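I open a notebook on this structure. The entries below record what I looked up, in order.

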Amino acid sequence: MLLNLFNEMRAAKVPVSLRELLDLINALKHNIVFADMDEFYYLSRAILVKDERHYDKFDRAFAAYLKGIENLDQHIEALIPDEWLRREFERSLSPEEREQIKSLGGLDKLIEAFKERLEEQKAKHKGGNKWIGTGGTSPFGSGGYNPEGFRLGNDGERQGKAVKVWEQRDYKDLDDQVEIGTRNIKVALRRLRKFARQGAEDEFDLSGTIDHTARDGGLLSIQMRPERRNTVKLLILFDIGGSMDAHIKVCEELFSACRTEFKHMEYYYFHNFIYEGLWKNNSRRFEQRTATLDVLHTYGADYKVIFVGDAAMSPYEVAQPGGSVEHWNDEAGYVWMQRFTQKFKKIIWLNPYPKKTWDYTQSISMIRELVEDRMYPLTVEGLEEGMRYLAK
Amino acid sequence: MKFSGTQSYVATDDLKLAVNAAITLERPLLVKGEPGTGKTMLAEQLAESFGARLITWHIKSTTKAHQGLYEYDAVSRLRDSQLNSEKVHDVRNYINKGKLWEAFEADERVVLLIDEIDKADIEFPNDLLQEIDKMEFYVYETDETIKAKHRPIIIITSNNEKELPDAFLRRCFFHYIAFPDRTTLQRIVDVHYPNISQSLVSEALDVFFDVRKVPGLKKKPSTSELVDWLKLLMADNIGEAVLRERDVTKAIPPLAGALVKNEQDVMLLERLAFMSRRNR
């Protein structure tokens with residue numbers, strides 16, 4: 001039972017397992033909902049989906065499941081014989097209405113005439129008194145007035161046959177492929193944790209105290225130890241200006257998340273690719289530069305390095321001396337990158353463009369090689385993968 | 001027992017259904033949503049509507065799962081032993097019961113609220129799996145197993161700061177409280193302020209949705225901010241006429257400090273108002 005729904009969910013990549021299906025069947029057994037599609041939708045959503053990221057996929061899978069059922073509906077209608085329907089119809093009429101039908105020659109004649117008229121009419125029609133349509137006085141159609149007629153279609157216009165809840169796609173934005181926000185970034189960054197006990201001893205050490213006390217023959221001897229801290233050191237280099245202007249928001253979020261997560265974080269800016277100078281203040285980038293060699297020498301090899309940039313530029317900017325667009329660089333960009341990879345053990349590159357577009361730009365492939373394929377997209381998933389690599 | 005909202009809490013249909021499903025099938029209900037949409041209030045109102053006691057366990061970032069069960073106060077015992085107190089001989093004197101223990105031992109069915117479970121360490125929910133599933137746990141110090149007499153109704157709220165582990169999610173039902181639409185907001189306002197003038201409410205709702213639509217807001221105002229703001233407006237006797245002229249000469253809506261809680265957001269609003277005035 002409900003196996004079709006289950007299969008649709010799995011096809012849409014909503015993480016459901018047998019446990020959830022059994023729970024849903026159990027819930028139906030307890031009669032929590034009955035014969036109401038909206039309620040069934042809410043119930044199955046509460047039981048099958050455990051995170052709002054999957055709500056959109058769930059909505060789509062549910063709609064697909066219903067379409068399968070609707071096809072079934074049509075078959076069922078075809079199976080119900082006409083006679084039966086007609087008799088039901090007649091029974092629902094009042095005596096006066098039956099009189100009027102007789103005056104038109106009986107129900108059968110009426111239906112015949114309707115079929116003929118339907119074939120003659122080609123287009124939707126309103127008002128008037130011959131054709132089938134709405135709001136008129138013809139005996140056929142809906143919303144009109146003719147005692148001998150019968151109704152076709154809904155009341156008046158097709159007004160607000162409510163769009164079903166799952167067709168509204170309210171939760172599209174919560175899909176984790178789409179959104180990245182500071183909090184999500186922080187969660188991803190939390191993977192990069194290496195705790196160590198450093199600094200002043202200001203935390204009570206229970207096991208140490210017990211140990212020492214026991215050794216002292218029962219005289220209480222308090223031991224303290226320093227608190228656990230995240231000692232990861234991060235050096236983060238942002239590509240700024242030009243084509244990266246489109247990604248300012250996400251870079252800002254990444255930056256502020258990194259700032260709060262990591263105690264030792266240093267940042268610098270570069271433009272397009274790294275050359276001999278980096279800067280901290282973009283408006284002063286020609287006056288107040290820091291030599292890249294200084295950066296390479298100041299920070300120890302245990303710093304983790306993250307480059308954030310779109311890596312999209314002309315290949316000359318990477319491969320040739322003098323290739324840089326802003327100034328003359330004596331050494332090619334890749335030479336500097338090699339210095340980085342030789343000095344620092346862990347380097348990754350975060351690219352705000354989606355992974356499937358990377359193969360179309362030559363510079364991206366070149367840079368990917370330089371960082372040993374450690375290029376990750378700037379989404380929550382990519383960030384988590386990157387952090388996992390850096391943490392190893 | 002069915003839950004259908006109370007006098008002071010408006011519950012949407014899907015929420016009611018999720019709560020009833022969780023109660024009938026005796027599973028914990030995990031509730032997520034934007035801050036200020038009434039997650040904690042849900043548990044309080046649930047307890048009220050069933051007339052059950054509410055036990056709240058506020059999770060902090062330093063909370064360990066064990067603290068919800070019990071805490072063994074070893075240091076007091078050590079100190080007492082040095083003072084030669086009589087209490088020392090029985091371990092039970094030093095076991096402080098946690099919230100889960102209270103909920104399990106209660107003589108009637110209670111509502112247990114585990115608030116903001118995502119604040120704790122990332123492995124915290126995994127430490128509670130057996131307790132949630134079987135409603136029992138083992139006390140190592142006194143060698144007894146505490147089983148729940150009546151299965152408590154467990155409501156767990158999360159602010160989505162961390163991902164919750166899968167094994168934990170499998171054992172719960174889940175509901176996301178979406179930000180209410182205009183009609184629901186209207187009802188919520190009516191429930192809180194039954195005597196408020198309707199025209200003031202509709203003008204205020206217009207302003208509220210406009211502010212929510214401003215792109216780039218760091219924190220969008222939510223339900224609780226709206227309720228507070230209305231209270232301030234009424235307290236200051238600010239009428240709907242003042243609200244209506246908002247986009248002409250006024251910089252930002254009056255008493256906007258109740259709506260936007262971030263100085264960057266306030267500056268953003270002022271800048272937008274300034275720019276729109278310049279464009280006239």
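**Confidence**

What pLDDT does chain B average, and what percentage of the residues score at least 70? I noted an average of 83 for chain B, with 96% of the residues scoring at least 70; pLDDT is the predictor's confidence in each residue, from 0 to 100. This is a predicted model, in which local features need pLDDT of at least 70, side-chain atom pairs count only at pLDDT 80 or more, and totals for chains, interfaces and linings use all residues. Residues are numbered from 1 along each chain as its sequence is written, while chains are lettered from A and ligands numbered from 1 in the order in which they are written.

For chain A I found an average pLDDT of 76, and 70% of its residues score at least 70. Residues 141-161 of chain A stay under 50, and the model has 36 contacts for them beyond four places in sequence; two residues are in contact if their C-beta atoms, placed from the backbone, lie within 7 Å. Residues 175-179 of chain A are also below 50 in pLDDT, with nine contacts beyond near neighbours in sequence. Where pLDDT is low, the predicted coordinates should not be read in detail. For the complex, the predictor gives an ipTM of 0.75 and a pTM of 0.59.

**The sheet of chain B**

I then listed the strands; helices (H or I, at least four residues) and strands (E, at least two) are DSSP runs, numbered from the N terminus. Five strands of chain B form an open sheet in the order 2-5-8-1-9, with parallel pairing; two strands pair if DSSP finds at least two bridges between them. Strand 2 (54-58) and strand 9 of chain B are at the edges with a single partner strand each, so one side of each has no neighbour in the sheet.

I looked at strand 8 (residues 153-158) of chain B next. Six of its six residues are buried, so strand 8 is largely enclosed by the rest of the structure. A residue is buried if 20 or more other C-beta atoms lie within 10 Å of its own, exposed if 12 or fewer, and partly exposed in between, with C-beta atoms placed from the backbone. B:I153, B:I155 and B:T157 point one way from strand 8, and B:I154, B:I156 and B:S158 the other way.

Strand 8 pairs with strand 1 (residues 29-33) of chain B over four parallel bridges, and B:L29 has B:I155 as its bridge partner. Strand 1 and strand 9 of chain B run parallel and are joined by five bridges, with B:I177 the bridge partner of B:G33.

Where is A:Q320 found? I located A:Q320 in the loop between helix 12 (315-319) and helix 13 (333-343) of chain A. A:Q320 is partly exposed, with 15 other C-beta atoms within 10 Å. A:Q320 and A:A332 are 12 residues apart in sequence, and their C-alpha atoms are 4.7 Å apart in space.

**Where the chains touch**

The contact takes 22 residues from chain B and 22 residues from chain A. Helix 1 of chain B gives the largest share of the chain B side, seven residues.
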